[in-house]
Amino acid sequence: MAYTLVTPYRWETYISEPNSKYARLAGRRFNGGTIDGAIAPSMTDVPRGQSLLVTGTTVVMTQTPSQDDLAAASYYFLGGHEYVISNEQAAVLIAAGYSDYVTPIV
């Protein structure tokens, strides 16, 4: 059986550097709130893909993997994409706690 993997993402305002003057609104209330208020995050924030790097049975989630990180991984799934993965890859991701992003293909 094959599986699909849709890599996770998180909402961010402008950029991911928390100390930047441009990220002052990220994750904070904004005229009703982007996290728990009435304004939808899609109106103020940008979804940023999270990559999954797999080494053996260890899975690391990162937003900005380096070339060295990618080269050191057994395999990886770049953020913001949908993949068809094997049973073995699905088993590793599910065991590592990423089952919310893995769906069997029927």
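Tutor: Let's start with a term: a nonpolar core is a set of buried Ala, Val, Leu, Ile, Met, Phe, Trp, Tyr and Cys residues joined through side-chain atoms within 4.5 Å. Buried means under 20% relative accessible area, exposed means over 50%, and partly exposed lies in between (1.4 Å probe, protein chains only). The model here is predicted, so local features need pLDDT of at least 70 and side-chain atom pairs pLDDT 80 or more, while totals for chains, interfaces and linings use all residues. Residues are numbered from 1 along each chain as its sequence is written, and side-chain values use heavy atoms, leaving out hydrogens and water.

Student: What makes up the largest nonpolar core here?

Tutor: Twelve residues form this core: Tyr-3, Leu-5, Leu-52, Val-54, Val-59, Phe-77, Ile-85, Ala-90, Val-92, Leu-93, Tyr-98 and Val-102. In soluble globular proteins, nonpolar side chains tend to be buried together.

Student: How do you know what counts as a helix or a strand?

Tutor: Both are DSSP runs numbered from the N terminus: helices are H or I with at least four residues, strands E with at least two. By that rule the protein has three helices and eight strands, in the order β-β-α-β-β-β-α-β-β-α-β.

Student: Why is Phe-77 called buried?

Tutor: Its relative accessibility is 4%, which is under the 20% limit, so Phe-77 counts as buried.

Student: And why is Tyr-75 called partly exposed?

Tutor: Tyr-75 has 22% relative accessibility, which lies between 20% and 50%, so it counts as partly exposed. Tyr-83, at 22%, is partly exposed too, and so is Trp-11 at 35%.

Student: What makes Tyr-75 and Phe-77 an edge-to-face pair?

Tutor: Rings of Phe, Tyr and Trp (its six-membered ring) pair if their centres lie within 6.5 Å; planes under 30 degrees apart count as stacked, over 60 as edge-to-face and the rest as tilted. The centres of Tyr-75 and Phe-77 are 5.7 Å apart and the planes stand at 75 degrees, so this pair is edge-to-face. For Phe-77 and Tyr-83 the values are 5.1 Å and 65 degrees, so that pair is edge-to-face as well. Tyr-75, Phe-77 and Tyr-83 form one aromatic cluster.

Student: Why is β4 called largely enclosed?

Tutor: Four of its five residues are buried, so β4 is largely enclosed by the rest of the structure.

Student: How do you know that β4 and β5 pair?

Tutor: Two strands pair if DSSP finds at least two bridges between them. β4 and β5 have five bridges in the antiparallel sense, so they pass that test. Leu-52 stands opposite Met-61 in β5. β4 is also joined by three bridges to the antiparallel strand β6 (residues 75-77), where the bridge partner of Leu-53 is Tyr-76.

Student: What makes Gln-63 and Arg-10 a polar contact?

Tutor: A polar contact is a pair of N or O atoms within 3.5 Å; within protein, one must be able to donate a hydrogen and the other to accept it, and residues adjacent in sequence count only if both atoms are side-chain atoms. The side chains of Gln-63 and Arg-10 make such a contact at 3.0 Å, so the distance falls within the limit. Gln-63 makes another with the side chain of Gln-50, at 3.2 Å. Gln-63 itself is found in the loop between β5 (58-62) and α2 (67-72).
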